Structures are given as structure tokens and as C-alpha cells.
Amino acid sequence: MLFKRVVEPGLIVCYLWVITRIVRQPFNGEYWVLAILTLFISSYVFAEMHQRRVRKNLKTARLISAVFIDWALVVIVLAALTYVCELYGQLSPRVILPWVIGVPIGLMVSQHVQLRVMHDLRTKGDVHKAIIVGVNPTALKLADRLTDYPALMINLVGFFDDREVTRQPKGTFTPLWAA
């Protein structure tokens, strides 16, 4: 989640700054406002959209489309806000167009790097093992969270409960380490 809330929005703002340097445009007040708006909006959109997708096993094509959809939502909100704030005319198209077009590519590269680093950490054995004591609705929610977020680097081994299997929440059968 840190990646979606902090790293990716930070990369987007850095990319805006780099483009202003490349086209020799001063990074003045209007671009600072755009950068701050982008930081907050992209942080919220990326995290919320990621939460909705976390249970789905997305393949490469769907991840690419997810990046474009998330960024399109951010751009639409930014366009509306810059229009309402009357900033749109003060921002150079020589900065905005490459920024809007280039950000999805940068996001895909950063996600690829993140996935690669996570894979390397997992293969090196830097994963912690966990056993949940007790089988109840809260424990099952915790188990879902641990399996839904591989970035936590926690491998859920199972459950430990000394009560009978019939006392588990209805509709579930969870294998136990001890019964």
C-alpha cells in the first residue's frame, strides 16, 4: 500500500519536475499547485483502485490496462480542478502533454521493478511464517489480508485451535494444526 500511496505519486510529481527542466519551463507556483493536487489525488485513486483489485489475480494485460485506467481517472480529476481554478491556461502544453503521456510508461516500469524486487525477496527466504491462533471471523479476515497482500512478506502456514472443527464459523472448514 505504501507503494500506491507514496512511491507512485512521488514518481509522478518527480516526472513533472523533470519535464519542466527538460523544456526549460520554470517550476513556478502553478506547477507546484499541480504537483500538490497530483500527489493527493493520485495517492487516493491508486490506493482505492488497488483495494478493489487486490483479490483478483491480474495478468500483464490487465495490469497495463489498470495503470491506464487509474491514470486516466487522475487526469480527468486534475483537468476539472485546473479548469475550475483557472490554472489550465497557465500550464504549458510542452510540459503537460509529455507528462500525461509518459506517466503510464513510468508507472508500468516502477510496478515491474516492484514485482521483481518482491519476487527476489521471496525467493531469498525473507518471508516470515505465521500461524493464527483460533478460528473465528476476525481470524479469517486476518488470513485473507495476509494472503491478499504479498508485500507484507508473511506466509500464512495455518491455524491453531484446540476446539472442535464444528465450532468454526458457519460455511467454513479450515484445516487446523492441532485440534
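## A patch on the outside

Which residues make a nonpolar surface patch of about 340 Å²? They are I105, V109, V113 and V117. Keep in mind that what you're looking at is a predicted model.

You'll find I105 in helix α4, which covers residues 93-123. Is I105 buried or exposed? Its relative accessible area is 51%, and the cut-off for exposed is over 50%, so I105 counts as exposed.

## The overall layout

Now zoom out. The chain has five helices and two strands. Starting at the N terminus, the order of the elements is α-α-α-α-β-α-β.

How much of the chain is tucked away? Of its 179 residues, 34% count as buried. The chain exposes about 11700 Å², and carbon and sulfur atoms supply 65% of that area. As for contacts between residues at least 6 apart in sequence, 74% of them join residues at least 24 apart.

Time to go inside. The largest nonpolar core has 21 residues, and L16 and W99 are the ones with the most contacts inside it. The elements giving two or more residues to this core are α1 (2-22), α2 (29-53), α3 (60-84) and α4. Helix α2 provides the largest share, with six residues.

What does L16 touch, if we skip residues up to four places away in sequence? The list is F27, Y31, L34, A35, V95 and W99. There's also a second, separate core of eight residues, with I132, L140, A143 and L156 among them.

## Rings that pair up

A pair of aromatic rings is described by the distance of the centres and the angle of the planes. Searching the whole structure turns up three aromatic pairs. In one of them, the ring centres of F27 and Y31 are 6.2 Å apart and the planes sit at 25°, so this pair is stacked.

Are these two residues buried or exposed? F27 has 12% relative accessibility, so F27 counts as buried. Y31 is buried too, because its relative accessibility is 0%.

F27 also pairs with W32, and this pair is edge-to-face: the centres are 5.0 Å apart, with 80° between the planes. Put together, ring pairs link F27, Y31 and W32 into a cluster.

Conventions:
Residues numbered from 1 in each chain as written. Predicted model: local features only at pLDDT ≥ 70, side-chain atom pairs only at ≥ 80, totals over all residues. Heavy atoms only, no water. Patch = residues over 30% accessible without salt bridge, like charges linked within 9 Å, V, L, I, M, F, W, Y side chains within 5 Å. Areas by Shrake-Rupley, 256 points an atom, 1.4 Å probe, with all protein chains shown as cover. Salt bridge = Lys/Arg side-chain N within 4 Å of Asp/Glu carboxyl O. Helix = DSSP H or I, 4+ residues; strand = E, 2+ residues; numbered from the N terminus. Buried < 20%, exposed > 50% of the residue type's maximum accessible area, 1.4 Å probe, protein only. Phe/Tyr/Trp six-rings, centres within 6.5 Å; stacked < 30°, edge-to-face > 60°. Core = buried A, V, L, I, M, F, W, Y, C linked by side-chain atoms within 4.5 Å. Contact = heavy atoms within 4.5 Å.
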